[in-house]
Amino acid sequence: MSPSRSDRPLRTVVRAVVVLALLLGWSAAIGPAAHPAERAGRAAAVTVRGGDTLYSTGTRCTVGFNARSGSALYALVPGRCAQGARTWYADAALTVGVGVTAGVGFPDGDYASVRYTNTAVAYPGEVSLGGGSGTRDITHAANPTVGQSVCHVGRTTGHRCGTVQAVNLTIDHGGGTVHRVFRSTICSEPGDTGGPAFSGGTALGIIVAGSGNCGSGGFTYYQLVTEWLSASGLSIY
């Protein structure tokens, strides 16, 4: 994610210049309508985990983590990505509905929540590692510490690991200032936004921005999951 690739510049309070890697303006292809029984059968075979993609008209967002409040289940997705979207689907053809936008906390924090409404779909508290690498069970959330090991999963670059480099940063992308983010030594690319960052089974954050790329090197910024959960009254499961 570099300025030469036309992404908008970001500035942190430590004067690091980064590039917002939000994926906006993507249009989903809408397929032919399916018979209700056919749609129900497809939904029964669908599972949505952290790292997977949810689709709405004109956009798609990566699920950071699944969370809950009592018996209600939610997806945590980037706030800017979810702005203006109401109904969400598990497929690009928009045939398997999964939920509706429950709240958006942008720009002070770059987070939003989607309330799952389709009980025929499974929503485990796991992260998909992609590339046939299986899943990682996520059981709780915590604040990151400098030097802590961290991994993230991006839709573009996949599963990568490094260390937490800095905490309690602020990034300004022109559309608003996002506070209390942290930075890792892991590279990322456009399209990785929203991907989950975790240490073992502990949720730490979601990708909101990055600098450089995975060819020449770079680092990534994340929204804190603990702040997100507190603001929404949710918990990881």
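Tutor: Buried means under 20% relative accessible area, exposed is over 50%, and partly exposed is in between (1.4 Å probe, protein chains only). This is a predicted model, where local features need pLDDT of at least 70, side-chain atom pairs count only at pLDDT 80 or more, and totals for chains, interfaces and linings use all residues. Residues are numbered from 1 along each chain as its sequence is written, and side-chain values use heavy atoms, leaving out hydrogens and water.

Student: Is Tyr 123 buried or exposed?
Tutor: Tyr 123 is buried, at 9% relative accessible area.

Student: How many aromatic pairs are there?
Tutor: The count is four. Rings of Phe, Tyr and Trp (its six-membered ring) pair if their centres lie within 6.5 Å; planes under 30 degrees apart are stacked, over 60 edge-to-face, and the rest tilted.

Student: Why is the pair of Tyr 116 and Tyr 123 stacked?
Tutor: Because their ring centres are 3.7 Å apart and their planes sit at 15 degrees. Phe 182 and Tyr 222 are a stacked pair as well, with 4.8 Å between centres and 20 degrees between planes.

Student: Are Phe 182 and Tyr 222 buried or exposed?
Tutor: Both are buried.

Student: New topic: which residue lies over the face of Tyr 237?
Tutor: That's Arg 68, at 4.7 Å from the ring centre. The rule for a charge over a ring is NZ of Lys or CZ of Arg within 6 Å of the ring centre and within 35 degrees of the ring normal. Arg 183 lies over the face of Phe 219, at 5.1 Å from the ring centre.
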